[in-house]
Amino acid sequence: MRSVAPQTRDRATTAHLTVAVALSGALLATGTPPAWAGATATRPALVSTDKSPPQVRDVKFSRASVAVRGLAVVPVRVSMRVTDPSGVRDDPHEMNPSPQLVLGPVPGHQSKLRPALTRTSGTATDGIWSATVNVPSTWNGTVRIVSVGAMDKPGNELSTALSGARAPQLRVRGTHRPALTFQYSMLAGGGFRIHGRASFTDTGRPLSRQKLATALDSGCDFDGGARNNIVTDARGNFEKRFRAGGAGDAGCVALIGPAARNQRPAILAYRIASAPAYSVPAAAMLQAADLNGTVTTPVTANSWVALRPPQPCGPYASAKLRRADRAVQAMVGVNDRPTVIVNDVAVYASDGAQRYLRDVRRAVATCGHGWSVRASGVAGDESVLLRHREYIDYAETNKDTYIVVARTGRAVVVVADTGWETADGHEALVRSLSAAAVRRAAVVNGR
């Protein structure tokens, strides 16, 4: 590659350049300010006439191809020649380094690598900047120099993406490559856990007693360099728990190799994830078609709390895995009298939905307080019909609320008939509505 066309941050017209040159000459001709100007007179600062960004004359790999096996790495040199009449700014460790080049795709946070460049020959006005990168087997395929950039001392900047024939390439033949599997789950007591297995892709054999680097959230870019902090077991399995982590945080793991001089450790394999975005769409709720044309209305956050979901003799540990919910209500007629239907759908992390069903079955069977199990399997295998009987003091009568709780995938579905004022709910009605409610709620699982 002989030349890269610049995309400049500061472009000047010929007229602007002429004015700048004339102003510069006038300043030089003026010399020392006259005595009558007084002690406060100062000489104006010189204005740079350089309005052009640096030019990249050549960028390349030291070799066209490389073969790497297993956990080994092979050093390859990348370099670029940069010229500028005012001198190239040499800031290799800044957030926006100068000069810079970017390689990709490679394992890592953004599938890119930006090595720290050092001037290895020439001068600031015409020099070659280089870096040695350690190439692992997991770069298998073609890696390219996808962009270049530089800034000169007056502040003119070049930033250019490279593609096609303009993007130098390195062909990598990687064999017996390592890989990481990865899972993310929330912990009942708070925080989250990442776990998986390290193995070789061709044989499936584990990377036993292999050191791995893990990080939390913003540290997952390994901007300060990846550091090993866990070790796999004899089967290649790994685990890391982040007790301080929240539901929206990310966890990551990397298999790293040795660092080339002045560079960060080579990343051989990398995985990152965060908790899935939990939500319950309106389509997951009972619709007017299920309620003989009655339109539902949203339930506010503080309404029907004891039914969203019911937790007899609770609360239960599974409540900590509840991530999102939506609730609606509708007043329908039964035998010419009103009754209120409440429908709640909640999404749980990890195995929270299964744990809730187990918790509620055990609690109702032992705790009493007006709760009883009327039937099981009314809306699929993982469902239970409950009755809650409470005494209404002012009316001196018992009132029965009937509730079906069921699981579909990671969601818990509640359908309750709360009756009207002191009147009972209707067992037959919640039985008939529960099948439709579970069918609707299945959309949260992509079904």
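**View A. R431 counts as partly exposed, at 35% relative accessibility, and it forms a salt bridge with E427.** This is a predicted model, in which local features need pLDDT of at least 70 and side-chain atom pairs count only at pLDDT 80 or more, while totals for chains, interfaces and linings use all residues. Residues are numbered from 1 along each chain as its sequence is written, and side-chain values use heavy atoms, with hydrogens and water left out. In the accessibility classes, buried means under 20% relative accessible area, exposed means over 50%, and partly exposed lies in between, computed with a 1.4 Å probe on protein chains only. A salt bridge is a side-chain nitrogen of Lys or Arg within 4 Å of a carboxyl oxygen of Asp or Glu, and for E427 and R431 the closest N and O atoms are 3.3 Å apart. Because they are 4 residues apart in helix α3, the two are separated by about one helical turn; helices (H or I, at least four residues) and strands (E, at least two) are DSSP runs, numbered from the N terminus.

**View B. Salt bridges with shared partners join R308, R322, D325 and D344 into one network.** One of the pairs is R308 with D344, whose closest N and O atoms are 3.3 Å apart. The pair links distant parts of the chain, since R308 is in the loop between β18 and β19 and D344 is in strand β20, 36 residues apart. R308 is buried at 14% relative accessibility, and D344 is also buried, with a relative accessible area of 1%.

**View C. R440 and D290 form a salt bridge, one with 3.0 Å between the closest N and O atoms.** R440 lies in helix α3 and D290 in the loop between β17 (265-274) and β18, so the pair ties together parts that are 150 residues apart in sequence. R440 is partly exposed, with a relative accessible area of 25%, whereas D290 counts as buried at 17%. The structure as a whole holds 13 salt bridges.

**View D. Seven strands form an open antiparallel sheet, in the order β18-β19-β20-β24-β23-β22-β21.** The edge strands are β18 (297-298) and β21, each of which pairs on one side only; two strands pair if DSSP finds at least two bridges between them. Within the sheet, β20 and β24 pair in the antiparallel sense over 7 bridges, and V347 stands opposite A411 in β24. Helix α3 (residues 427-441) packs on this sheet, touching β19 (322-334), β20, β21, β22, β23 and β24, and its direction makes about 155° with that of β24. Such angles run from 0 to 180 degrees between N-to-C directions, the axes being lines fitted to C-alpha atoms, for helices over the stretch in contact.

**View E. Helix α2 lies across β20, β21, β22, β23 and β24, and runs at about 150° to β23.** The 16 residues of α2 should span 22 Å at 1.5 Å a residue, and its end C-alpha atoms are 21 Å apart, which agrees; the expected span is 1.5 Å times one less than the number of residues. The buried residues of α2 include Y356, L357, D359, V360 and V364, and what covers the buried residues of the helix includes β20 (337-348) and β23 (397-408). Just after α2, G368 takes a positive phi of about 75°.

**View F. D359, in helix α2 (residues 352-367), is buried yet has no salt bridge.** The nearest side chain of opposite charge, R358, is 4.1 Å away, where Lys and Arg count as positive and Asp and Glu as negative, and His and the chain ends are not counted. Leaving aside neighbours within four places in sequence, D359 is in contact (heavy atoms within 4.5 Å) with Y316, A317 and S318.

**View G. L101 lies in strand β4 (residues 100-104) and counts as buried, at 0% relative accessibility.** Not counting residues up to four places away in sequence, L101 touches several residues, among them V59, M80, L113, I145 and S147. L101 and S147 are 46 residues apart in sequence, while their C-alpha atoms are 5.6 Å apart in space.
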